[in-house]
Amino acid sequence: MDRLASLRAKMVEEGVDLVALGPGKHLEWLTGMHPHADERPLIFCITADHAGILMPALETESARRQTDLPFFEWLDADGPTAALETMLDTFGAHASRSIALDETMRADHAALIQDRLMNAKRQFCDTTVSALRARKGPDEYSALKANALIADKAMQAAWAAMRPGMTELEVAAVARETFVSLGAAPIFTIVGAGGNGALPHHQTGDTVLEKGQAVVMDIGAGRDGFSSDITRMAVMGEAPEGYAEVHAIVEAAVQAAMEVARPGVKAHVLDDAARKVITDAGYGEYFVHRLGHGMGIEVHEPPYISASSQSVLDEGMVFSIEPGIYLPGRFGLRLEDIVIMRADGPEILSGLPRDLTVIG
């Protein structure tokens, strides 16, 4: 079943009459299109029997190279209103009782649909497009697995080059260069030395690596439309005081989340399990973020693994498990793996152990 057919089946299941998508990852996943996005409304509408795109005439020629879907074109001189009305009339969409709007669509573009379907119940795409995107097929798994193994090599290359006296930026450059040499485009390279590691989203900078520091490395890059994301720890020579205890606690939190991760379990159960380990050890206030996030054609996408998430995990879902403890002024410690949910539990995509790496 192709993706458009899968979406229509999901729409029937969820009682959704119309799905409206703007330029972005939902549209890319569904059609392979990645049109230019600006202030001109470009909206892909899908019903049970029709599919077409409100298309700015300025984009028609380039967009036609990407799809044979029908276009409802409009000129700058005319505006989009008449073309949109024609599309909705053609689709019989004015009778829609329930519509799903792309949550990443510009608000003024979404309003064009909402203003014409005032009586329809409105929701976002979490139960339709997002739900389908969350369950990865074999080809998507293969691409994500390949990216994970590339990230392993980039991490190892950075470790091999790390020395006291290097800056965080110099270490990050090694990881980035390795990604590029393996055909992947770097997306982020967080290197946090010493106290900088206590900032989960530290901006890698000119801090010099010194003996006795713990170093957080969180890196990711994209190839073939998918990406990687991994966090590991290194210490420069001797680990700082208390590090071994904290590393063991975070590792135990990873394992606790892995143990409860099964199809049919709500996402918050994983966060609860990991957080309990850290809280029971006395570090609860220093675990300051959710346990994880989904990953696919975006580095962060549903399902989100948080204390409040009621999302039900299912086979094929790919997400991170990344508990951390962040001690201000001392060090931070995060261990992250991307997993795919299988019938019997999570399969880790990386082949790199979560053990501490000692430099020098």
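Me: In which strand is the place of P303?
Reply: This model is predicted. The peptide bond that leads from P302 to P303 is cis, and its omega is near 5°. P303 itself has its place within residues 301-305, which form strand β12.

Me: How many aromatic pairs does a search of the whole structure find?
Reply: One of the pairs joins F72 and F91, and another joins Y283 and Y286. The search of the whole structure gives a total of three.

Me: Why does the pair of F72 and F91 tie together parts that are apart in sequence, and how many residues apart are they?
Reply: The two rings are edge-to-face, with 5.8 Å centre to centre and 85° between the planes. F72 belongs to strand β4 (residues 71-74) and F91 to helix α4 (residues 81-91), so the pair links parts whose separation in sequence is 19 residues.

Me: Is Y283 buried or exposed?
Reply: Y283 forms a tilted aromatic pair with Y286, at 6.4 Å centre to centre and 55° between the planes. Y286 has 25% relative accessibility and therefore counts as partly exposed. Buried means under 20% relative accessible area. Y283 has 15% relative accessibility, so Y283 counts as buried.

Me: Over the ring of which residue does the charged end of R342 sit?
Reply: R275 lies over the face of F287, 4.0 Å from the ring centre. For R342, the charged end is 4.6 Å from the centre of the ring, which belongs to Y141.

Me: Is D224 buried or exposed?
Reply: D224 lies in the loop between β8 (214-223) and β9 (226-227). Phi of D224 is positive, near 60°, in a residue other than glycine. With a relative accessible area of 60%, D224 is exposed.

Notes. Residues numbered from 1 in each chain as written. Predicted model: local features only at pLDDT ≥ 70, side-chain atom pairs only at ≥ 80, totals over all residues. Heavy atoms only, no water. Phe/Tyr/Trp six-rings, centres within 6.5 Å; stacked < 30°, edge-to-face > 60°. Helix = DSSP H or I, 4+ residues; strand = E, 2+ residues; numbered from the N terminus. Buried < 20%, exposed > 50% of the residue type's maximum accessible area, 1.4 Å probe, protein only. Lys NZ or Arg CZ within 6 Å of the ring centre and 35° of its normal.
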